[in-house]
Amino acid sequence: MKDYIDVLFFYIRAKRNIILALAGAYLIFLMVFALYSLPFESINYTFVLICAFIFIIGVVDFRSFYKKHNFLKRLKTGIMIADYKLPVSKELIEKDYQELIQIIDKNRLDIVNEKDKSYSEMIDYYTIWAHQIKTPIAAMRLLLQSEKSNLHMELLDQLFKVEQYVEMVLQYLRIESISSDLVFRRYPLDSIIKQAIKKYSSTFIRKKIKLNYEEIHIDILTDEKWLVFVIEQILSNALKYTNKGQISIYMDHQLPQTLIIEDTGIGIAEEDLPRIFEKGYTGFNGRSDKKSTGIGLYLCKRILNKLSHTINIESFIDKGTKVKIGLDAIDMLIE
């Protein structure tokens, strides 16, 4: 009802010139009749008939106005593409506005299409680059592995970090189209965890970080490739900010289907915790060592959302960090 009254108010405002013109015409008639001492009964009767006629016309016109308003309101909230039809215009000015809107919309579409084309070309270029850079990286790794020395071991470690950044670039490029790349099946969780551990085994040894992990023996519904990437990112962060102590991987005994990766590292400041999943946010730790990109946890959060999994982080300065990955997923038929 309120919406109806509001529309009526705007309708009266739109027609105020006509209403004022009618009122002015009636006053002129009154003045003329008064000057010539004519009886007012005839003009009043005529005015009542005219008002009744105008009222009927106004009701019909208001219904048309109200329907057009509702149509445009639905169009405004539900429009998805530019292929739409505006209500038929009965006024020249309104028709001019519609043509102006169509011209602006066409220009907007041209700009959007050009931007989409540029973005697609950029994605293609960086995807090719990320794949091509793996070849010289692999060649350098073979050359460095041919001779054992402290310098070569340090170079191998730095090369491993380059590989991590290249992999992160690839996943970042793929994240927008992740839905088309997902393959949901039931996988042994131990197999996924072991893949991530194997990748960082040399880092565990080099930094002398103890790993506490016992096989879990459960199957989960997920996408193996993307979940491996998430666990790798969390292990990478744990190793980066843990200089001594241990990293533990185990299932939460209180929360079912919840994997915990816990370290004894430097921890995360309390004020940083609410923002750690924001893209580009590095927090105090990232600003201190100048090495954080602020992309890893952002990617983890987005990927886990697509997998119907969850992630929560608890941390205390100088005590360590506990990452909880909820592996519950909406069950589905798998062919």
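These legends accompany several close-up views of a predicted model. Local features are described only where pLDDT is at least 70 and side-chain atom pairs only at pLDDT 80 or more, while totals for chains, interfaces and linings use all residues. Residues are numbered from 1 along each chain as its sequence is written, and side-chain values use heavy atoms, with hydrogens and water left out.

**View 1. Two spans listed as "transmembrane region" in an unreviewed UniProt entry, residues 18-39 and 45-66.** The UniProt positions follow the numbering used here, feature names are shortened, and the annotations may be inferred rather than shown by experiment. Residues 18-39 are 82% helix and 0% strand, with their end C-alpha atoms 27 Å apart, whereas residues 45-66 are 100% helix and 0% strand, with end C-alpha atoms 31 Å apart. Helices (H or I, at least four residues) and strands (E, at least two) are DSSP runs, numbered from the N terminus.

**View 2. The salt bridge between Glu163 and Arg141.** The closest N and O atoms of this pair are 2.7 Å apart, and the pair links distant parts of the chain, with Glu163 in helix α5 (residues 150-174) and Arg141 in helix α4 (residues 92-145), 22 residues apart. Glu163 is partly exposed, at a relative accessible area of 28%, where buried means under 20%, exposed over 50% and partly exposed in between (1.4 Å probe, protein chains only). The structure holds eleven salt bridges, a salt bridge being a side-chain nitrogen of Lys or Arg within 4 Å of a carboxyl oxygen of Asp or Glu.

**View 3. The salt bridge between Asp252 and Lys324.** Here the closest N and O atoms are 3.9 Å apart. Asp252 lies in the loop between β4 (246-251) and β5 (258-263) and Lys324 in strand β7 (residues 320-326), so the pair ties together parts that are 72 residues apart in sequence. Asp252 counts as buried at 13% relative accessibility, and Lys324 is buried with a relative accessible area of 16%.

**View 4. The salt bridge between Lys324 and Glu314.** For this pair, the closest N and O atoms are 3.2 Å apart; Lys324 in strand β7 and Glu314 in strand β6 (residues 310-316) are ten residues apart, and their pairing links distant parts of the chain. Glu314 is partly exposed, with a relative accessible area of 38%.
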